There are 2 protein chains.
Amino acid sequence: MPNFKIILEYDGSDFAGWQFQPEQKTLQGELERAIKRTSGEKLRVTASGRTDAGVHALGQVVSFRTDAKLDARAWHGAFNQYLPHTMRAMSVEEVPEDFNARFSAKGKQYEYIVINRKTPSAIRRNYAWHVPYELDYDAMVEASKLFIGCIDFTSFSATDTDAVTFTRTLSRLDMERDGEQIRFTFVSAGFLRHMVRNIVGTLVDVGRGRIAPLDITVILEAKDRKMAGTNAPPQGLYLVKVEY
Amino acid sequence: MPNFKIILEYDGSDFAGWQFQPEQKTLQGELERAIKRTSGEKLRVTASGRTDAGVHALGQVVSFRTDAKLDARAWHGAFNQYLPHTMRAMSVEEVPEDFNARFSAKGKQYEYIVINRKTPSAIRRNYAWHVPYELDYDAMVEASKLFIGCIDFTSFSATDTDAVTFTRTLSRLDMERDGEQIRFTFVSAGFLRHMVRNIVGTLVDVGRGRIAPLDITVILEAKDRKMAGTNAPPQGLYLVKVEY
């Protein structure tokens, strides 16, 4: 049975999250509807992971198996015809039958964008987190280094999660300041639910002076979600790519 | 009578352009409505220039004279309370009585963003022009240099315009490529209606090989709008700042 891999870009502000929900415009729902319109099949698609409402993707990966006599090029055309304009198939390719967008993933890259200035942005209101406070950027960079390595991230996980273990290896957490924008880049073989948003929110709390950089170690050791800082809002988060 | 200068950021995709039109959501209309809600006054505001539907601003400048006993800080707060979220007052300051956002302007800077790749962007669909063709970037840069200087831009003006003379001095036209994005920066003491969009569209035609770089000189000399290339769409255009 042919198996296909799609790379998707989407504007999370147009959707109630990834997962199918009746009566709601979800990314999974729109994708499965586009498949039904194309081949008549009622399929389930598998994403590398769900994204919450408001979270964007530049390179979400999805796989699906189909009986239809359509090649990758035909699927690609069909998706960009039937999907909403806020969701675009960047590529479609046929992959070996054992490929699974979720279980075959070897790592992911996320970015998070903060706009740090007094007035909110009219243009980027759905595409970044507006932080109006003065931030101590150097303190944030110092704190960010304490998240690198193989660490128990219980304190930075959502409480409602299916995760069994909370140890993850964050191989990269870069910060880059460009005028009023701060861009965070995260790379890991695996992330916990809300992990990126909880880390960014906590780093902003460090920037505001509400948490000292060295307290990060204490928070990590506590293994208690209530110890970490703010959960940064979804609209600043981008799933950039998935490695296989 | 106190005179105020506002610097505005706005998301042009939410408005039917700058100019007041009954029954339409326009930038001027929303601003005048916010003034009425604040001080009860029915005023006319003056922008540095109108922007068309879909065109964005990072630093549009507007001035208005008022009898109300409110200082700049109070107006600033009122605007960001009453204006739609797609329109933000970056600053409000009191200015000398003879300041006029339109007639006092000494120059403007615009940017235009092209996304050059096969698939349209889901996220930036309203914030850039999607050009799916392969472009000869070097030819575009060569052609862009022919627009610099004191030139008769009749061929690059809208036909419906109040302009009396068509000679303008373009002091800067920079191009910068960053991955799939091309950013054009324009600086001039004055622009004609649609001038930036007509130049960008023509440069893209050069990139596609439909116009040779040296033909730009011929097109300029013809002083005929029909000679120039495509008019680039509004959603890629940003009014960045106005100099006084």
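Is A:D71 buried, exposed or partly exposed? Select A:D71 to find out. The residue is partly exposed, at a relative accessible area of 45%. Buried means under 20% relative accessible area, exposed over 50%, and partly exposed in between, with a 1.4 Å probe and protein chains only.

Before moving on, note the ground rules. This is a predicted model, in which local features need pLDDT of at least 70 and side-chain atom pairs count only at pLDDT 80 or more, while totals for chains, interfaces and linings use all residues; side-chain values use heavy atoms, with hydrogens and water left out. Residues are numbered from 1 along each chain as its sequence is written, and chains are lettered from A and ligands numbered from 1 in the order in which they are written.

**Stop 1: the loop at A:D71**

Stay on A:D71. It sits in the loop between β3 (56-65) and α2 (72-82) of chain A. Helices (H or I, at least four residues) and strands (E, at least two) are DSSP runs, numbered from the N terminus.

**Stop 2**

Show both chains. A rotation of 180° with 0.0 Å of shift along its axis places chain B on chain A, at an RMSD of 0.0 Å. That is the relation of a two-fold axis. To find the axis from chain B, go to B:R124: its C-alpha is the nearest in that chain, 5.2 Å away. Both copies use the same surface, since 100% of the contact residues of chain B recur in chain A. The superposition is by least squares on the C-alpha atoms of residues with pLDDT of at least 70 in both copies. Contact means heavy atoms within 4.5 Å.

**Stop 3: the largest pocket**

Select A:R124, A:Q181, A:R183, B:R124 and B:Q181. Of the 40 residues that line the largest pocket, these lie nearest its centre. The pocket holds about 1800 Å³ of space. Its lining has 15 nonpolar, seven polar and 18 charged residues. Here Ala, Val, Leu, Ile, Met, Phe, Trp, Tyr, Cys and Pro count as nonpolar, Asp, Glu, Lys and Arg as charged, and the others, Gly among them, as polar.

A pocket is an open set of points on a 1 Å grid over the protein atoms alone, where a 1.4 Å probe fits, with protein on both sides within 12 Å along at least five of seven lines; lining residues have an atom within 4 Å of a point. Points are joined across faces, edges and corners, and the volume is the space filled by probe spheres set on them.

**Stop 4: strand β5 of chain B**

Select residues 107-116 of chain B. This is strand β5, and 10 of its 10 residues are buried, so the strand is largely enclosed by the rest of the structure. Look along both faces. B:G107, B:Q109, B:E111, B:I113 and B:I115 point one way, while B:K108, B:Y110, B:Y112, B:V114 and B:N116 point the other way.

Next, show the partners of β5(B). Two strands pair if DSSP finds at least two bridges between them.

- β10 (residues 237-243) runs antiparallel to β5(B), joined by six bridges; B:G107 has B:E243 as its bridge partner.
- β9 (residues 181-188) is also antiparallel to β5(B), over eight bridges; B:Y112 stands opposite B:F184.
- β6 (residues 129-131) pairs with β5(B) in the parallel sense over three bridges; B:V114 is partnered by B:W129.

**Stop 5**

On to β9(B), which β8(B) meets antiparallel over eight bridges. One bridge pair to pick is B:R177 with B:I182. The two strands form a hairpin with two residues between them, and B:G179 in the turn has a positive phi of about 65°.

**Stop 6**

Most residues other than glycine have a negative phi. Select B:H194, in the loop between β9 and α4 of chain B. Its phi is positive, about 70°. Then select B:K223, in the loop between α5 (215-222) and β10 of chain B. Phi of B:K223 is also positive, near 50°. B:K223 is partly exposed, at 47% relative accessibility.

**Stop 7: B:T202**

Finish in helix α4 (residues 195-207) of chain B, at B:T202. This residue is buried, with a relative accessible area of 0%. Show its contacts beyond four places in sequence: B:F156, B:I211, B:I216, B:A228, B:G229 and B:T230. Last, pick B:P213. Its C-alpha is 9.8 Å from that of B:T202, 11 residues apart along the chain.
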